[in-house]
Amino acid sequence: MPGNVSALHLVLTGDPALYAIVRLSLIVSISATLFAALIGVPLGALIALTGFRGREAVIVVLNALMGLPPVVVGLAVYLTLSRSGPLGRWGLLFTPQAMVIAQTVLVTPIVAALTRQTVEDLWVEYRDELTAMSVGALRRVITLIWDARFSLVTALLAGFGRAAAEVGAIIIVGGNIEGFTRTMTTTIALETSKGDLPLAVGLGIVLITIVISINALAWGARRAGEYFAG
Amino acid sequence: MHTSRTLIAAIAFSVTALVPGGAQEDKSIVLASTTSTQDSGLFEYLLPIVRQKTGITVKVLALGTGQALDTGRRGDADVVFVHAKPEELKFVAQGESLKRYPVMYNDFVLIGPKSDPAGIRGMKDIGKALQAIKNKRASFVSRGDRSGTHIAELDLWRGAGVDIDKDKGAWYKSIGQGMGAALNTAGAAEAYVLSDRATWIHFKNKGDLQIVVEGDKRMFNQYGVMLVNPGKHPNVRKELGQRFIDYLVSPDGQKDIANYKIGGEQLFHPNADDIGA
Amino acid sequence: MSGLASDLPIVFEEVGIAVGNVTILDRISIRISPGAPTVLIGPNGSGKTTFLRAAMGLLPPSRGRITWGGREASAPTRRAIVFQRPVMLRRSVAGNLAYALAAAGVPGAEREGRIADLLSMVGLAGIEERPARRLSGGEQQRLSLARALARDPAVLFLDEPTASLDPAATKAIEDIVQTVSSRGVKIVMATHDLGEARRLAGEIVLLHRGCVIESGIANTFFAAPATEEARRFIASELLL
């Protein structure tokens, strides 16, 4: 198929337009994942280790939020950042920053929920020993997060995968503006609808490669974790 | 190495990500326009020229006409550039813009499959052609998205004496998407579809489709540009927006528009000086 | 370390521990004094584990009170416990010990030396870098013992440390326990191996259904048990 041949050509010769789109996609999704980690890991650990009224309900809600539809997140962030909206003053709509914000909202529940599960499971294992060694509260959290680091990395990779593959949220808050807010997924959507397949297919190849790489990394992280988990 | 540079960029970027005001260009405007205008390739050609001549970076939001106007109403765009005169006049009447400027026109063409089930190829009367399509229940794809093209299509059905809301059936496929998608669908379903000429020429997936009816005066498509009312939305970049509009309607800008050609064929005809347009 | 008040004697005064409606320990009054190892024996479910946890300070009594060296609330700085099924941290052998030493406040510079000493004491020298969770059952038990000893405890609690071990591994553990005891650490150990009790005990405490049936010097206990239950238990009959 001619579409595929010229797609491969674009990918292999490092077509600058294609790689600019790839770069933006990675920057947006990686940034969102980092923010999600900064918020989600401590939050998940906190919920895992403290008792409070309504804890069960919070956990159920947190798990449910993992399945937030991206378009719904996009719409909510759009309305918030719109110049007629509460944060309109910041002028963030239709910028890459807005895309980072939307994807952070999408990914944080994933990171938080998976962290909560991981830390709680490990705490059940470690509780007696850490208590017997008189380990203080802060140190406990650090120990659990460190010893569970491979599972947490897997959680981050899951979050990143979600961000990199979604199109609904970023197309709404980013506006899919040429040269500014076009990512792999939004461009694939656009070019396909225009009937311009080579670029779409080329980006699809890159995107699938990235997804496979993420999964390979996650597999590697799991194996590394097993080395210590025995 | 590429990956570490991307990672560092990601981290540095993250730091700036939530600074209010963000990393927006200083001399840029947000232009809400239509998908058919973008699909025609006009912006790809024109915006670098705009940047060179005025220093303004134009960020294009390609939406349906209805969405574009709504974006202007919310103040999320600085300039609106669509092709649905009644809607534009309403926009001004509602105070969402202070003035509408005509810019250019192109025309619509009726596209159909080589098999031509309604037998209308070469007809000069669009009304009669549409009647034939309805009578033969030939497949027809509608954009269905409140876009300028969609509104023009509805006008043409009305002009042909067809009450499309009542008379439509399984043969009438309303897809709610842009011009490119509509053409793709028509090609796949062997259906007729109304398209603007510019998008049609620019479209890369023609397959079995071809122009079956063109040239009827009722198929002309007028474009207008409006600055979003800064009185209503103080954040609107009114100086840059106005400067962009001034360029579009200036003799220089009009000549640049006329010079946009695909395969030697001119796509848009400038008519900013036509007061009634 | 000098200057710290001693945790001994550990005194249980009418201690009751219940979980929900279930009474696990029932009005226990007993005194654990410095000296030779105190060994807890009794059938499964008699409350040995709960007793050890309470004596360690991990489980507050529902009734009565426990005092350590006369103090009611005592930080467990000089007490350590080896659980029946010890959990290794997901680190190397040396990493586990380093962690225990750090938790006990040992400064970084000293840790390497202490790790080497502890490992050779429990016979695990040479496998510092191995992931702790890949050790055999016996090795994990020994590492757990080393972790407990890293705290330089004055009192060491052990909950059936040889329950799932083969005879060779059992002997290794018992030897370490005796060495540690001879260095002045008070051992409080639960076992359901009567032979082990005979080998290690200075003092025996027999628990049954949460109550202390009989306690006393090991020789006397085994030669001439005072209660009927004790006699039947020593004869390896089932106590119901």
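Mentor: Before we start, two strands pair if DSSP finds at least two bridges between them. Keep in mind too that this is a predicted model.

Trainee: Got it. What order do the strands of the open sheet in chain C have?

Mentor: The order is 2-1-4, three strands with antiparallel pairing. Strand 2 (22-32) and strand 4 (63-68) of chain C are the edge strands, each pairing on one side only. On average, neighbouring strands of this sheet are turned by 25° against each other, direction ignored.

Trainee: And what packs on the sheet?

Mentor: Helix 1 (residues 48-56) of chain C does, touching strand 1, strand 2 and strand 4 of chain C. Its direction makes about 55° with that of strand 2 of chain C.

Trainee: Back to the strands: how many bridges join strand 1 to strand 4 of chain C?

Mentor: Five, and the two strands run antiparallel. Among the partners, C:Ile10 is bridged to C:Trp68 in strand 4 of chain C.

Trainee: New topic! At what angle do helix 2 and helix 3 of chain C pack?

Mentor: About 120°, with their axes 10 Å apart. Because angles of 65 to 115 degrees count as roughly perpendicular and those over 145 as roughly antiparallel, helix 2 of chain C is oblique to helix 3 of chain C. Their crossing is right-handed.

Trainee: Which residues of helix 2 of chain C make that contact?

Mentor: C:Ala94, C:Leu97, C:Ala98 and C:Leu101, against C:Arg111, C:Arg114, C:Ile115 and C:Leu118 of helix 3 of chain C. Those residues divide into six nonpolar, no polar and two charged.

Trainee: Last one: how many residues does the contact between chain C and chain A take?

Mentor: 14 residues from chain C and 14 residues from chain A. On the chain C side, nine are nonpolar, one is polar and four are charged.

Technical notes: Residues numbered from 1 in each chain as written. Chains lettered and ligands numbered in written order. Predicted model: local features only at pLDDT ≥ 70, side-chain atom pairs only at ≥ 80, totals over all residues. Contact = placed C-beta atoms within 7 Å. Nonpolar A, V, L, I, M, F, W, Y, C, P; charged D, E, K, R; others polar. Helix = DSSP H or I, 4+ residues; strand = E, 2+ residues; numbered from the N terminus. Axes fitted to C-alpha atoms, helices over the stretch in contact; angles between N-to-C directions. Parallel < 35°, antiparallel > 145°, perpendicular 65-115°, else oblique. Left-handed = near helix turned anticlockwise from the far one by under 90°.
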